[in-house]
Amino acid sequence: MSGGRIPSAFIDDLLARVDIVGLIDSQVPLKKMGANYVARCPFHTEKTPSFSVNGNKQFFHCFGCGASGNAITFLMNFNNLDFVEAVGDLAAFVGVDVPREPSTTGEPVAGKIDLQKLYDLMVQASGFYVQQLRSGEAGKQAVAYLKKRDINNDAAKTFLLGYAPQDCQALLGCFNQQDLLDVGLLGINDNGSVYARFRNRVMFPIRDKRGRVIGFGGRVLDDSLPKYLNSPETPLFHKGREVYGLYELLKKNAKPQRILLVEGYMDVIALAQLGVDYAVAALGTATSQAHLELLFRYTSELVFCFDGDNAGRAAIWKAMDAAFPVLKVGRQIRIMLLPEGHDPDSSVREQGLDKFIDCIDTSQVLSDYFFSSLTQEFNLKEMEGMALFANKANAYLEKLPDGLFREMMFSRLKGLSGISKLNVSQNAVTSVLKTKNRRAIPNEHLSLARRVLALLVQNPQMINLVEQENINWQNLRFDGAEKFRDIFQFITRETPISTAQLLEYYRGNADEPIIKQLAALNISETPVGSDVLDEKVEFRYALKQLLGLSEARINNLVEKLAATGDLTQEERDELKKLSNTRIKK
């Protein structure tokens, strides 16, 4: 089923099935330490491990940067996935399919497109174009073009290269017209006539990260324009969110050390054929933030490899707009400008693979390229030039996420411009350092209420013990009693069996950060091999102590009345209420 909501019961079962230690260890090698497993955090740079994974809770937490959550959250953060994608990947890891609930009305949605039908059509269309290239008479011209570009048969097969004939009747003879319109292979002109969007072109199927054909790119074989043409926006294809060659790259290496971002389809194919099999291309549009977020799911380093002409330099500055907002800790972008008149294909052929890779290795980091380019653009010996320089640089730097890198970039700008008043968070470094030094809170520093809540969040099945206390929830009197009551009642209602499930129930809830903090608290240094009975005893004892606070308040008020002979009206009302609803112990 392609549509519908993922059933919550399936997500519960999925979290119960998965072993978060095994999942994370497959991506980040873990080392056993006591009851937990540790590693250097994959979400920030550190020299000593502060990233901890607990198999009993099915929970991870970094005491350095504060990242925490269950298996779904890990996949979302580590691979930069949305929730549905993370559930899909986790289901694949466990070896189950993701079910979908039908619409609440039970009726099909009017006008709803069957996406699976369109995916199937695109696979068949891709096969049709391949057949036209390899067996059709008209495809000989396309074959000659590919040979001229030194594209061999293996590369053509890997990238499913094909040929679109001139006549749209060839498509209409094989596929349904409306389906072809839905996927953008046919169009309708102003006269209402149907035409083939791709005619007499070499065809480049565009596949998503799962290998599904979602669109096409086509290159003309004559002098007609446009030279390159992409599929339009369709239910399957959104060119601002996809890149060419990513599926083929990931088939060879799921976690590449770096990804090279180039400008064209032929660059990707030629580089892969010559041994640089980690290149992708934007689809005839400017590099977007979505493109970069997608690529950073799989690598920590991107290299912009653009032509060294004016158009290539302009493309880099357009990419800067998208790059600055995504430059989080642990991500790096480099700039590799090719000699003017060269593209990646011609450059690697002229200088050889080894020298080309050396150029990648020694390419400028974004920060150096950014400042060196701007200092050449403006005359920093003049006040006006200095002001223009600072103003332009500041506009880009404002887009950087809070953190040490942002602070360092502003510091460099201040040094170059001599202007001290710039838009920068003065507390960023302090905040980062405080976060880095945060550690689990010792027992003696925990308030009693927080201690009880933390024990329950880390062992939510102990909610059954609460029912034995006959708690009068309206009668609790201590700081945070309302939040204490809300969390207890939430767990009573939802009955999660693990911390991982509880975190999932709180996903998107305003109290989610509180639950994550409670899950990460170091309640006790439990010896390896001890069971949950120790924590049950501790929980019941702490709970009774907490509930006894109301009884203690009664005693305090009675003692004050005996000593002074009087109470304030507020104290009288409180004593009356407490006396009428004593907690049964």
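**Note on the predicted structure**

1. Of the 585 residues of the protein chain, 47% count as buried, where buried means under 20% relative accessible area, exposed over 50% and partly exposed in between (1.4 Å probe, protein chains only). The accessible surface of the chain comes to about 29100 Å², and 49% of this belongs to carbon and sulfur atoms; such areas come from the Shrake-Rupley method with a 1.4 Å probe, and for residues only the protein chains shown count as cover.

2. This is a predicted model, in which local features need pLDDT of at least 70 and side-chain atom pairs count only at pLDDT 80 or more, while totals for chains, interfaces and linings use all residues. Residues are numbered from 1 along each chain as its sequence is written, and side-chain values use heavy atoms, with hydrogens and water left out.

3. The protein chain averages a pLDDT of 82, and 83% of the residues score at least 70; pLDDT is the predictor's confidence in each residue, from 0 to 100. Over residues 424–445 pLDDT stays under 50, and the model has 38 contacts for them beyond four places in sequence, a contact being heavy atoms within 4.5 Å. Residues 581–585 also have pLDDT below 50, with 12 contacts in the model beyond near neighbours in sequence.

4. The protein chain has 26 helices and 17 strands. Helices (H or I, at least four residues) and strands (E, at least two) are DSSP runs, numbered from the N terminus. Among contacts between residues at least 6 apart in sequence, 66% join residues at least 24 apart.

5. Strand S12 (residues 243–244) runs antiparallel to S14 and is joined to it by 2 bridges; Tyr244 has Ala281 as its bridge partner in S14. Strand S13 (residues 259–262) runs parallel to S14, with 3 bridges, and Leu260 has Ala279 as its bridge partner in S14.

6. The 12 residues of helix H16 (residues 366–377) should span 16 Å at 1.5 Å a residue, and the end C-alpha atoms are 16 Å apart, which agrees; the expected span is 1.5 Å times one less than the number of residues. Buried residues of H16 include Leu366, Tyr369, Phe370 and Leu374. The buried residues of H16 pack against helices H13 (310–323), H17 (383–397) and H18 (404–417) and strands S16 (332–337) and S17 (364–365).

7. Leu456 is found in helix H20 (residues 448–458) and counts as buried because its relative accessibility is 0%. Leaving aside neighbours within four places in sequence, Leu456 is in contact with Met462, Ile463, Phe488, Ile491 and Phe539. Leu456 and Ile491 are 35 residues apart in sequence and 8.9 Å apart in space, C-alpha to C-alpha.

Technical notes: Two strands pair if DSSP finds at least two bridges between them.
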